[in-house]
Amino acid sequence: GGDSLKELFDVSDATLTPAGALIVINNYGESVREFDKRGRFLRYVTRKGAGPGEYRSISSLRVIDGDT
């Protein structure tokens, strides 16, 4: 196998931030991930769950001015 942080499968949405980062909903890994301009994994933005900062269901992304 490859690097699991870079592997994406069943992507439901992706968007670019004003800074050029790519945010991806990866349904198979049940996570939202951020990659830099070169495609390097930066961080998990959020993940599936019921706790603070987690989501129960997600299908699309939108960047709003002022988001980081």
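The model is predicted: local features need pLDDT of at least 70, side-chain atom pairs count only at pLDDT 80 or more, and totals for chains, interfaces and linings use all residues. Residues are numbered from 1 along each chain as its sequence is written, and side-chain values use heavy atoms, with hydrogens and water left out.

Strands are DSSP runs of E of at least two residues, numbered from the N terminus. Two strands pair if DSSP finds at least two bridges between them. β2 and β3 run antiparallel and are joined by five bridges. Isoleucine 23 stands opposite glutamate 34 in β3. The hairpin of β2 and β3 has four residues between the strands. Within this hairpin, glutamate 30 takes a positive phi near 45°.

β3 also pairs with β4. Five bridges join these two strands, which run antiparallel. Phenylalanine 35 stands opposite phenylalanine 41 in β4. β3 and β4 form a hairpin with five residues between them. Glycine 39, in the turn, has a positive phi of about 90°.

β3 is mostly covered, with five of its five residues buried. Buried means under 20% relative accessible area, exposed means over 50%, and partly exposed lies in between (1.4 Å probe, protein chains only). In a regular strand the side chains alternate between the two faces of the sheet. Ser31, Arg33 and Phe35 point one way from β3. Val32 and Glu34 point the other way.

Side chains of opposite charge can pair when their charged atoms come close. The structure holds three salt bridges (a side-chain nitrogen of Lys or Arg within 4 Å of a carboxyl oxygen of Asp or Glu). One joins lysine 48 to glutamate 30, at 3.6 Å from N to O. Lysine 48 lies in the segment after β4 (41-47) and glutamate 30 in the loop between β2 (22-26) and β3 (31-35), so the pair ties together parts that are 18 residues apart in sequence. Lysine 48 is partly exposed, at 43% relative accessible area. Glutamate 30 is also partly exposed, at 41%.

Glutamate 34 forms a salt bridge with arginine 43, at 2.6 Å from N to O. Glutamate 34 is buried, at 12% relative accessibility, whereas arginine 43 is partly exposed, at 36%. A further salt bridge links arginine 40 and aspartate 36, at 2.7 Å from N to O. Arginine 40 is partly exposed, at 46% relative accessibility. Aspartate 36 is buried, at 16%.
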